[in-house]
Amino acid sequence: MRHVPILLGLGLAACSPQGTPRDPAADPSANAIDAEVAAVINLQDRTEIEILKDRVVALEREVGELKANPQSLDLDLLTKRVETLEAASASPAAAPAPEPRMPQTDSESARRAVDAAINERRTKRATQD
């Protein structure tokens with residue numbers, strides 16, 4: 001959207017005779033063209049600002065609703081998740097690939113080894129009693 005005035009300016013520059021600088025005093029239409037280009041840029045800026053203001057108002061309204069009722073956020077997330085799962089189960093070919101598992105870190109391996117040793121001792125105690 002911002003490129004329109006630039007392209008318009010380049011187009012106007014291409015139409016002017018080469019080698020002769022554009023003198024605003026000698027060419028009154030140049031002032032009119034510059035004024036129109038400035039008006040177009042101003043209109044575009046105002047339009048973009050209005051669109052962004054409307055978007056901010058809509059987002060503020062959504063945030064207010066979520067603050068008032070946080071359960072709706074959970075419900076929306078669960079609904080999206082169920083829809084994704086239903087779509088995946090309906091067409092297994094279109095289902096997304098499972099995320100690759102991260103390799104276990106040393107701390108995870110150590111924790112699992114400790115848990116296994118504790119479970120083994122519990123099992124031995126239970127069988128001895």
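**Helix α2 and its surroundings**

Mentor: Helix α2 has 41 residues and spans 60 Å from its first C-alpha to its last, close to the 60 Å expected at 1.5 Å a residue; the expected span is 1.5 Å times one less than the number of residues. This is a predicted model, in which local features need pLDDT of at least 70, side-chain atom pairs count only at pLDDT 80 or more, and totals for chains, interfaces and linings use all residues. Residues are numbered from 1 along each chain as its sequence is written, and side-chain values use heavy atoms, with hydrogens and water left out.

Trainee: How many helices and strands does the protein have?

Mentor: Helices (H or I, at least four residues) and strands (E, at least two) are DSSP runs, numbered from the N terminus. From that terminus the elements run α-α-α-α. The count is four helices and zero strands.

Trainee: Which residues of α2 are buried?

Mentor: Buried means under 20% relative accessible area, with a 1.4 Å probe and protein chains only. Such residues make up 3% of the 129 in the protein. In α2 they are A30, V37 and Q44.

Trainee: Which residues in α3 does α2 meet?

Mentor: Contact means heavy atoms within 4.5 Å. On the α2 side, the residues are L66, K67 and A68. Their partners in α3 are P70, S72 and L73.

Technical notes
Buried means under 20% relative accessible area, exposed over 50%, partly exposed in between (1.4 Å probe, protein chains only).
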